[in-house]
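Have the model open as you read.

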Amino acid sequence: MPEHRFIVCNYSHNLTSGAVSWQSPSNIALVKYWGKYGEQLPMNASISFTLKNCNTKTVLSFKKKNTAGFDFEVFLDGKREESFEPKIQKFFERVEVYLPFLKEFKFKIETSNSFPHSSGIASSASGMSALALCLMDMEQQMQPNITNEYFIEKASFLARLGSGSACRSLEGPLIVWGEHPEIEGSSNYFGTKYPFAVHKNFENYQDTILLVDKGEKQVSSTLGHDLMVDHPFAEQRFRQAKDNLSKLIPVFKNGDISEFIKIVESEALSLHAMMMTSIPYFILMKPNTLEIINHIWKFREISGSNVCFTLDAGANVHVLYPESEKEIVLQFINNKLSQFCKNGEYIEDEVGLGAEAILN
Ligand code: PMV
């Protein structure tokens, strides 16, 4: 079992107090993960672009203690955020077997996001990966001989236990999570770098996130993934995702953006189709989501642009396009699409290379 590799019995060095800090980005799936089993293991393989500008910075301060149990406080933008603490508590309980030092320290977790708190952009991928990296940073101080490969794999493994898609946020530009027969090294337990050739058409790919609905998530990820248990189309969906990932391999190699668009848009709509056809059922798109999609299709037809969209489990639209089209697409977004965003707001992002340690 791969998880046994990540269990540590004892450390060579002692730590008493200190602080570590990491910045980790969000990611956007091209082939979506929707449905899980066991302990946060995916029913199908997924692949995502790592983003650059949407990220979370976390400072983890720690001090040795003698009391029993977990002891931590979470701060968002300098203010205590008790509503985050149950999720962290659950995360600590899940990962304690892999990080046996957790109960020995009192922690202060200070976190801040580069994107607005109420933007409707999930901070769980960037937040959980940043925290997992901070914890691995501590582990490395206690066990300095661990390799970089082990460090990153275990950090991704831990991030996954916090929030599935978080395991795809540590590195970039393209990360696979979930076993796929054509992708050597792919694993259900952690994210791995996409190992094959990627055409320059996909270099610095752009993602402008249109903020259609900034409210709380209507469907939590936990509930969402549960909807795939006994879903009438579950098996077909998992097969479709696997096939779509197979189809992306030659697309990435040849730079065939029109095929890329077909796969990516179909994946986004399939994800939402799963939600519309589950019991209970949900429509997470808003009227403005559909307005944007229709305008993107019309613009593509008229201009010959390679702009396309993808969706998360919400109403916001990720507008994807090659860097070479940045000027015309941003003009189109400004002139046509921004009217469908809450307060006209959108976030310009692009593909990035993953998390970084923040050195004091
Ligand atoms: O990581 P979770 O459990 O929040 O699930 C994320 C699911 C999607 O964002 C809808 C798809 C994906 O692969 O990121």
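## Two domains

The C-alpha centres of domain 1 and domain 2 are 26 Å apart. Keep in mind that this is a predicted model. Domain 1 runs over 2–196 and domain 2 over 205–350.

## Where the domains meet

On the domain 1 side, 35 residues are in contact with 39 residues of domain 2. About 3200 Å² is buried between domain 1 and domain 2, and carbon and sulfur atoms account for 69% of that area. Leu30, Lys32 and Trp34 stand out here: they supply 26% of the area that domain 1 buries against domain 2, more than any other three residues.

As for polar links, 13 residue pairs are in polar contact between domain 1 and domain 2. The salt bridge count between the two domains is one. Look for Glu350 and Lys52, whose side chains meet in a salt bridge at 3.2 Å, N to O.

## Around the ligand

So where does the ligand lie? Both domain 1 and domain 2 give residues to the shell around the ligand, so it lies between them. There are 13 residues around the ligand, and those that come nearest are Tyr33, Ser165, Arg168, Ser221 and His225. By type, the shell splits into five nonpolar, five polar and three charged residues.

Now check the ligand's oxygen atoms. Ser165 puts a polar side-chain atom 2.6 Å from a ligand oxygen, and Arg168 has one 2.7 Å from a ligand oxygen. For Ser163, the distance from a polar side-chain atom to an oxygen atom of the ligand is 3.4 Å. The protein covers 92% of the 380 Å² of accessible area that the ligand has on its own.

Methods
Residues numbered from 1 in each chain as written. Predicted model: local features only at pLDDT ≥ 70, side-chain atom pairs only at ≥ 80, totals over all residues. Heavy atoms only, no water. Near = heavy atom within 4 Å. Polar contact = N/O pair within 3.5 Å; in protein donor to acceptor, adjacent residues only side chain to side chain. Areas by Shrake-Rupley, 256 points an atom, 1.4 Å probe, with all protein chains shown as cover. Nonpolar A, V, L, I, M, F, W, Y, C, P; charged D, E, K, R; others polar. Domains from an automatic or database assignment. Contact = heavy atoms within 4.5 Å. Buried area = accessible area lost by both parts, 1.4 Å probe. Salt bridge = Lys/Arg side-chain N within 4 Å of Asp/Glu carboxyl O.
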